[in-house]
Amino acid sequence: VGCDWNMYREDLYRLIPLDLRDNEILLELVFIQPSFIKELPYYYRDNKPFIKKLILDDFALSDLFRTFWGHLSFFRHLSDRLWDDEEIASLLNSTSSLEFWSDRLKNNKKLVLRALQNSSRSGNRVAFMFISTELKDDLRFMKQAVQIRASNFEFGSRRLRDNKPLLLLALEKKPHALKYASNRLKNDKEVVLKAFNKIPSSLKH
């Protein structure tokens, strides 16, 4: 019979006497199993020094925390107050965490761009599901996002997908970006030639 180790560990946690549940033990338990954080009293999930210590003590390097589900197990149980804290968002700066940021931080250009830089192509796709609509319609932000990864052009607002300079910037690295441009730009001779000229020669024949 298989063993549900998460349930087993949580049962063990509940057996620990309250007077022994100090910071040291709690830190160790969450380090071993990020999902343990949901068992902690709200005081700890809203305690900035405690959460910072988890992150800075190489917690982010643990094998479990590297996994997608390890991230979610940890992120979803922090307090709303901490997800509106720029320092915590910076320390846990990744597209996996962006879903949980406050609306204010999802509109923070510096933090969001850093998250995009730190993530994979698929991570960028996930991030744009949660980035504010204001940033998706911000030309300066989208230029930087496209410079990080040309495929990010796809996620710009309708207005910016009709912006010729932005599209030309994306086409420098990704001719496929033409697919997401406005109909007007798809019928622009300069744009079409640029996209064609950026296709690797091996694919033109």
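Student: Where is Leu 92 placed, and is Leu 92 buried or exposed?

Tutor: Leu 92 sits in the loop between helix H7 (86-91) and helix H8 (95-98), where helices (H or I, at least four residues) and strands (E, at least two) are DSSP runs, numbered from the N terminus. Its relative accessible area is 5%, and therefore Leu 92 is buried; the term means under 20% relative accessible area, with exposed over 50% and partly exposed in between (1.4 Å probe, protein chains only). Although 37 residues separate Leu 92 from Ile 55 in sequence, the two are 7.6 Å apart in space, C-alpha to C-alpha. Keep in mind that this is a predicted model, in which local features need pLDDT of at least 70 and side-chain atom pairs count only at pLDDT 80 or more, while totals for chains, interfaces and linings use all residues. Residues are numbered from 1 along each chain as its sequence is written, and side-chain values use heavy atoms, with hydrogens and water left out.

Student: How many helices and strands does the protein have, and what percentage of its residues count as buried?

Tutor: The protein has 15 helices and zero strands, and 45% of its 205 residues count as buried. Of the contacts with a separation of 6 or more, 47% are accounted for by residues 24 or more positions apart, a contact meaning heavy atoms within 4.5 Å.

Student: How should I read a pair of packed helices, for example H9 and H12?

Tutor: Two packed helices are described by the angle between their axes and the distance between the axes. The axes of helix H9 (residues 109-117) and H12 come within 10 Å and cross at roughly 15°; axes are lines fitted to C-alpha atoms, for helices over the stretch in contact, and angles run from 0 to 180 degrees between N-to-C directions. H9 and H12 are therefore roughly parallel to each other, given that angles under 35 degrees count as roughly parallel, over 145 as roughly antiparallel, 65 to 115 as roughly perpendicular and the rest as oblique. The contact draws on Lys 109, Val 112, Leu 113, Leu 116 and Gln 117 from H9, and on Phe 141, Gln 144, Ala 145 and Ile 148 from H12. By class, the residues of this contact of H9 with H12 are six nonpolar, two polar and one charged, where Ala, Val, Leu, Ile, Met, Phe, Trp, Tyr, Cys and Pro count as nonpolar, Asp, Glu, Lys and Arg as charged, and the others, Gly among them, as polar.

Student: Which residues of H12 and H13 meet, and at what angle do the axes cross?

Tutor: The axes of H12 and H13 come within 9 Å and cross at roughly 10°, so these two helices are roughly parallel to each other. From H12, Leu 139, Met 142, Lys 143, Val 146 and Gln 147 meet Leu 166, Leu 169 and Ala 170 in H13. The contact of H12 with H13 has six nonpolar, one polar and one charged residues.

Student: Why does Lys 143 count as partly exposed, and which residues does Lys 143 contact?

Tutor: Lys 143, which lies in helix H12 (residues 139-148), counts as partly exposed because its relative accessibility is 35%. Leaving aside neighbours within four places in sequence, Lys 143 is in contact with Leu 166 and Leu 169. A C-alpha separation of 9.4 Å is found between Lys 143 and Leu 167, 24 residues apart along the chain.

Student: Which residues of H13 and H15 meet?

Tutor: The axes of H13 and helix H15 (residues 189-197) come within 9 Å and cross at roughly 10°, which means that H13 is roughly parallel to H15. Lys 164, Leu 167, Leu 168 and Leu 171 of H13 meet Glu 190, Val 191, Lys 194 and Ala 195 of H15, and this contact of H13 with H15 has five nonpolar, no polar and three charged residues. Leu 168, in helix H13, is buried, with a relative accessible area of 18%. Leu 168 touches Glu 190, Val 191 and Lys 194, not counting residues up to four places away in sequence, and the C-alpha atoms of Leu 168 and Val 191, 23 residues apart along the chain, are separated by 6.8 Å.
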